[in-house]
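Colleague: Please take a close look at one part of this model for me. I would like to follow its aromatic rings.

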Amino acid sequence: MVLLENDSFLTELTRLFQKCRTSGSVVITLKKYDGRTKPVPRKGHSDSFEPADNKCLIRASDGKKKISTVVSTKEVIKFQMAYSNLLRAHMDGLKKKDKKSKSKKTKATQ
């Protein structure tokens with residue numbers, strides 16, 4: 001997994017969306033990130049770790065390529081605006097859900 005800066009993450013995410021436009025999908029996950037790179041120790045060891053800043057870890061994958069970035073609280077508004085514009089631009093290829101008509105249901109019950 002490649003940890004990128006916020007701007008380069010958005011450009012790579014744009015490339016992932018364009019690559020998967022005709023077939024495939026892009027999976028995006030968001031998670032609270034406290035800055036740890038090692039797992040939390042078990043109950044026997046008490047290690048006092050206080051995160052100085054709340055952060056958000058954002059990951060994106062198309063199944064083959066994985067990218068990620070960490071967004072701090074100071075950059076959230078700027079990143080969120082750019083991220084939402086990017087999602088709006090690339091969410092036009094979604095399939096519409098098929099609505100089942102009521103007439104088919106009534107014929108099946110009779």
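Modeller: Phenylalanine 79 is buried, with a relative accessible area of 6%. Buried means under 20% relative accessible area, exposed over 50%, and partly exposed in between (1.4 Å probe, protein chains only). This is a predicted model: local features need pLDDT of at least 70, side-chain atom pairs count only at pLDDT 80 or more, and totals for chains, interfaces and linings use all residues. Residues are numbered from 1 along each chain as its sequence is written, and side-chain values use heavy atoms, leaving out hydrogens and water.

Now the rings. The structure holds two aromatic pairs. Rings of Phe, Tyr and Trp (its six-membered ring) pair if their centres lie within 6.5 Å; planes under 30 degrees apart count as stacked, over 60 as edge-to-face and the rest as tilted.

Phenylalanine 9 and phenylalanine 79 make a tilted pair, 6.3 Å centre to centre, with 35 degrees between the planes. Phenylalanine 9 lies in helix α1 (residues 6-19) and phenylalanine 79 in helix α2, so this pair ties together parts that are 70 residues apart in sequence. Helices (H or I, at least four residues) are DSSP runs, numbered from the N terminus. Phenylalanine 9 is buried too, at a relative accessible area of 0%.

Phenylalanine 79 also pairs with tyrosine 83. That pair is stacked: 5.8 Å centre to centre, 10 degrees between the planes. Both residues lie in helix α2, four residues apart, about one turn of the helix. Tyrosine 83 is buried, as is phenylalanine 79.

Terms used. Helix = DSSP H or I, 4+ residues; strand = E, 2+ residues; numbered from the N terminus.
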